[in-house]
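Dear colleague,

Please find below the structure that I am handing over to you. My notes on what was found in it follow.

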Amino acid sequence: MTGPILVTGAGGVGKTTVSAALGVAAAQAGYRTLVLTVDPAKRLATALGLDELHNTPTANKMLPTLWAAMLDSEASWDQIARSHAPPDAADRLVNSEFFHAITRHFPASQSYAAAEAMAQYLDDRKWDVVIVDTPPASGGIEFFTAPTELTNLVGGRLFRWLTGGAIPGRRELFNVAARPALRIVDIALGSDLLERVGAFLFDLRTTYDGLRTRSQEIEKYFRKSTTIVVTTSDPAPVTEAARFFKELPQVARPPAAVVFNRTLPTAWEKAEIPADTTRPLARNLALWAREARRQETVRDEFAARYRTRIVSIGWKPSAPTDLESLAALIDETGLLADLID
Amino acid sequence: MQQQLLLVTGKGGVGKSAVSAALAIEAARRGKKVLTIGMVEKRGLAAHLGVESLSYEATEVRPGIFALGIERPAALDEYLRIVLRVPRLSRIGPVARAFDALASAAPGIRETVTMGKVLFETRTNNWDLVVADAPPSGAIGSHIRAPKTVSELVGAGKVREQTRWMEDLMGDGARTGLVMVTLAEELPTVETAETLRWISGEGLIGVAEVITNRILEPLGARIPADLSTPIGAAAALHAGIFQEQQRWLAQLPDRGRELPYLFGVTGPVEVAERLADVLEQR
């Protein structure tokens, strides 16, 4: 295989469903396929064969070429600490409340954990197709920039902010009296905290070399990746989708396609209403036709602006949750053939 | 809702910013002087209020409605000045940077700065109502818990001294309330129920209302037998979504007003105004 398939887009648009559908379609076509997903709805997880929360790839009983794994960012971070820091520092890190604060709240950290898991499975070379349902980001191409962001953070940005200059020795950091800025922070927070965070940052820094090397490998995979952007026709997710077309070319190939989920048939827009139609039914079609027209305008504007392949997935009352209907979602579009050649 | 501060949250994509703007518009129509705050993500709120962007200084964006967007450096600067009681600290830059570095690692501090700005504005009594377009439900817990987290983390510093009044203001159900926005779909419903459970367990803030967004009216007719025609297909889709929505609505432990699905509405300002119309009636 050439590289991973990365499924991106705003939250709530059906990214996980599209990732799963692509996975099922690829697996049914005979490719050994792995779907890495973040937070699937329960019924969808069950369809993928993820009855429990599996952090490691699990083969689907109904479709043995399909594997799936949940990305548990907290567990991944413990593993990252252990693989990049010396054993004693790693022990302190995974037990540190500061480590958990950073890995939980630093915007790019969930993205990084997912990217590192992705790289690990690509290294295994066990799958023909690896599909990543990218985690909800704080916006735009964060998944792609997370490795660099995080390496910079760990490598010294925090330190330099704290010390106002070069990276100090352990002793100098606590020389609060010598640095007026630190003295004020000390008054604000209490010196005990300053000291504890300082000690933590020393431990965190031991992961720097490992993180940097790994980040470079991850970025190599990104450059080989194929990205598809999922959206609905609503303004907020469309704006988010547009960001990928504007920003992604800086770090990887531009998106291969945009998938408009929950699309209504354009045929409704000009449908004739038979004379014997009851009023509620006629009114209902008029409403949905108006919405179909709005959607079409949004898609047309997007296509004209970004000159990209547009794939439409029809609006279903509930998201498909079995293998057949998942595959059907993608089969109609011909998208798989474009992504895997 | 009688509260003076509403924190509007919900899963990403449920229309949190649109509902925030609508709540503000509806209150302003009743003659209230309203401040809207974009706490983390500001573009959505700006669009629904019809402005390009939000600045850190409260600006009147529509008659009776002021808006500001929290920028962390500015909020940190203001916070430090208040906490340290220094009216003018000439070299706040290095202090802010050092503080920010600590705050990256120490849980609760950043969130306290952001929540602090919202609570400071509420405390000034300059506003009849403050509507905060808060972080999504995945991150709201760490913000609500932030003052408590900080007071557990730090010993006797000045930051800790500031946490008490924040907790008091947030916990006063007569003054502050959380508004949960949700859709009648599986993931938003599950996340809303989980968030509500967490909120009631922690007891740090009261829930003002659970607002469900994009709800369909009943079809009001039998679905035709022939689903191949647009009439039949549109009826089946409508009835199918309606049924699915009712199923998820029934699973919500707590339900307030319902907002309708807006067919064919394109502009974000029009969305906010139409939702405000409905809020006014219900």
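**Two helices in contact**

In helix H1 of chain A, Ala20(A), Ala21(A), Leu22(A), Val24(A), Ala25(A) and Gln28(A) meet Leu323(A), Leu326(A), Ala327(A), Leu329(A), Ile330(A) and Asp331(A) of H14(A). Two residues are in contact if their C-beta atoms, placed from the backbone, lie within 7 Å. Helices (H or I, at least four residues) and strands (E, at least two) are DSSP runs, numbered from the N terminus. The residues of this contact of H1(A) with H14(A) divide into ten nonpolar, one polar and one charged. Here Ala, Val, Leu, Ile, Met, Phe, Trp, Tyr, Cys and Pro count as nonpolar, Asp, Glu, Lys and Arg as charged, and the others, Gly among them, as polar.

H1(A) covers residues 15-28 and H14(A) residues 323-331; they pack at an angle of about 95°, with their axes 8 Å apart. Axes are lines fitted to C-alpha atoms, for helices over the stretch in contact, and angles run from 0 to 180 degrees between N-to-C directions. The two helices, H1(A) and H14(A), are therefore roughly perpendicular to each other (65 to 115 degrees; under 35 is roughly parallel, over 145 roughly antiparallel, and the rest oblique).

**How to read the model**

This is a predicted model, in which local features need pLDDT of at least 70 and side-chain atom pairs count only at pLDDT 80 or more, while totals for chains, interfaces and linings use all residues. Residues are numbered from 1 along each chain as its sequence is written, and chains are lettered from A and ligands numbered from 1 in the order in which they are written.

**Chain A and its buried parts**

Chain A has 15 helices and eight strands. Of its 341 residues, 47% are buried. A residue is buried if 20 or more other C-beta atoms lie within 10 Å of its own, exposed if 12 or fewer, and partly exposed in between, with C-beta atoms placed from the backbone.

Helix H9 (residues 180-189) of chain A is mostly covered, as seven of its ten residues are buried. Among them are Ala181(A), Ile184(A) and Val185(A). H9(A) is followed by Gly190(A), whose phi is positive, near 95°.

Ala119(A) lies in helix H6 (residues 109-124) of chain A. Ala119(A) counts as buried because it has 21 C-beta neighbours inside 10 Å. Leaving aside residues up to four places away in sequence, Ala119(A) touches Glu217(A), Ile218(A) and Tyr221(A).

**The nonpolar cores**

A nonpolar core is a set of buried Ala, Val, Leu, Ile, Met, Phe, Trp, Tyr and Cys residues joined through C-beta atoms within 7 Å. The largest one has 175 residues, and those with the most contacts inside it include Ala21(A), Val185(A) and Phe99(B). Helix H1 (residues 16-29) of chain B supplies the largest share of this core, nine residues. A second, separate core of 15 residues includes Leu264(A), Trp268(A), Trp288(A) and Ala235(B).

**Where the chains meet**

In chain B, 47 residues are in contact with 52 residues of chain A. H4(B) gives the most to the side of chain B that touches chain A, with ten residues. That side of chain B divides into 29 nonpolar, twelve polar and six charged residues.

Phi of Arg125(A) is near 55°, a positive value in a residue other than glycine. Phi of Asn125(B) is near 60°, also positive in a residue other than glycine.

Yours sincerely
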